[in-house]
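Open the model in your viewer and keep the sequence panel beside it. The tour goes from one selection to the next and says what is found at each stop.

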Amino acid sequence: MQVKIGDSWKNILQNEFEKPYFKDLTSFVKSEYENHTCFPAGKDIFAAFDYCSLEALKVVIIGQDPYHGPKQANGLCFSVKDGIKHPPSLINIFKEITTDLHTAYPESGNLEKWAKQGVLLLNATLTVRAHEAGSHQKQGWETFTDAVIEQISNEKENVVFLLWGGFAKKKVKLIDTKKHHVLTSGHPSPLSANRGYWFGNEHFSKTNAILKELGKENIEW
């Protein structure tokens, strides 16, 4: 695994790349990709950072694992490649956007356009073995992505963190809530959404209201 990451991120994460756990993680990922089918493609592992520089960062959305089906994962949490059927959680995200912002349901599930506007779409684990959910958890990725969240909290101000579901909500301990904005709700997965914990959270209009108050451009969701 070659870590090719923009200078803005490299400057604050270089220490992580040099730690023993990251070197072990690199060996693990390299071996997995050589011996198994894994997702996303190697070039997309750090896509979240490629599309959203630290300078441009306005919003952070935290996912858990990449999709583990063929041609789905593109390195951005909840996002799939153009032309791929929308997974259930993404469908519920888009449904909430359509009711919250009174917009049409998007054709493409590719969230690159969000990332290019300053939304960091960060999975806690950046790789996965095909058809084996959670297979690359507890190998070091969580340590790395927790460090990313902490560094964002330290280096930036007035970032909007969207924490969806129990797993993401635990990340609040890494965030200085005095200088950042945190919105929480249930997870968009059908299990949570159908129990009433997702729909109606209005996180997309609320995020834009915060950005407007800060004098920043809205996100075109």
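A residue counts as buried when its relative accessible area is under 20%, as exposed when that area is over 50%, and as partly exposed in between. Keep in mind that this is a predicted model.

**Stop 1: the loop between strand 1 and helix 3**

Select D44, which sits in the loop between strand 1 and helix 3. Is D44 buried or exposed? The relative accessible area of D44 is 12%, so D44 is buried. Show its side chain together with that of K43: a polar contact of 3.3 Å joins the two. Apart from neighbours within four places in sequence, D44 is in contact with N74 and G75.

Stay in this loop, which runs between strand 1 (38–39) and helix 3 (47–51), and select P40. The peptide bond that joins F39 and P40 is cis, with omega at about -5 degrees. Most peptide bonds are trans.

**Stop 2: E32 in helix 2**

Now select helix 2, residues 20–35, and pick out E32 within that helix. The relative accessible area of E32 is 7%, so E32 is buried. Which side chain does the side chain of E32 meet in a polar contact? Show R129: the two side chains make a polar contact of 2.9 Å. Leaving out residues up to four places away in sequence, E32 touches C38, R129 and H136.

**Stop 3: Q72 in its loop**

Move on to Q72, in the loop between strand 2 (59–63) and helix 4. Display G69 as well: its backbone nitrogen lies 3.0 Å from a polar atom of the Q72 side chain. Setting aside neighbours within four places in sequence, Q72 is in contact with Y67, S79, V80, K81, I84 and P87. To try the distance tool, select the C-alpha atoms of Q72 and D82; these residues are ten apart in sequence and 9.1 Å apart in space.

**Stop 4: the largest pocket**

Select Q64, D65, P66, Y67 and H187, the lining residues that lie nearest the centre of the largest pocket. The whole lining has 15 residues. The volume of this pocket is about 260 Å³. How many of the lining residues are nonpolar, polar and charged? Six are nonpolar, eight are polar and one is charged.

**Stop 5: helix 4 and its end**

Select residues 88–101, which form helix 4. This helix has 14 residues and spans 20 Å from its first C-alpha to its last, close to the 20 Å expected at 1.5 Å a residue. Colour its buried residues: S89, L90, N92, I93, F94, E96, I97, T98 and D100. Among the elements that cover them are helix 5 (112–115), strand 5 (160–164), helix 8 (190–193) and helix 9 (203–213).

Just after helix 4 comes H102, in the loop between helix 4 and helix 5. With a relative accessible area of 71%, H102 counts as exposed. Most residues other than glycine have a negative phi.

Next select E202, in the loop between helix 8 and helix 9. E202 is not a glycine either, and its phi is positive, at about 55 degrees. Its relative accessibility is 40%, so E202 counts as partly exposed.

**Stop 6: helix 6**

Helix 6 has 15 residues and reaches 21 Å from its first C-alpha to its last, close to the 21 Å expected at 1.5 Å a residue. Its buried residues are W141, E142, F144, T145, D146, A147, V148, I149, I152 and S153. What do they pack against? Show helix 1 (7–17), helix 2, helix 3, strand 2, strand 3 (119–123) and strand 5, which are their packing partners.

The relative accessible area of N154 is 53%, so N154 is exposed.

How values were computed. Residues numbered from 1 in each chain as written. Predicted model: local features only at pLDDT ≥ 70, side-chain atom pairs only at ≥ 80, totals over all residues. Heavy atoms only, no water. 1 Å grid on protein atoms, 1.4 Å probe; cavity = no way out; pocket = protein on both sides within 12 Å on 5 of 7 lines; lining within 4 Å. Points joined across faces, edges and corners; volume = space filled by probe spheres on them. Nonpolar A, V, L, I, M, F, W, Y, C, P; charged D, E, K, R; others polar. Helix = DSSP H or I, 4+ residues; strand = E, 2+ residues; numbered from the N terminus. Expected span 1.5 Å × (residues − 1). Buried < 20%, exposed > 50% of the residue type's maximum accessible area, 1.4 Å probe, protein only. Contact = heavy atoms within 4.5 Å. Polar contact = N/O pair within 3.5 Å; in protein donor to acceptor, adjacent residues only side chain to side chain.
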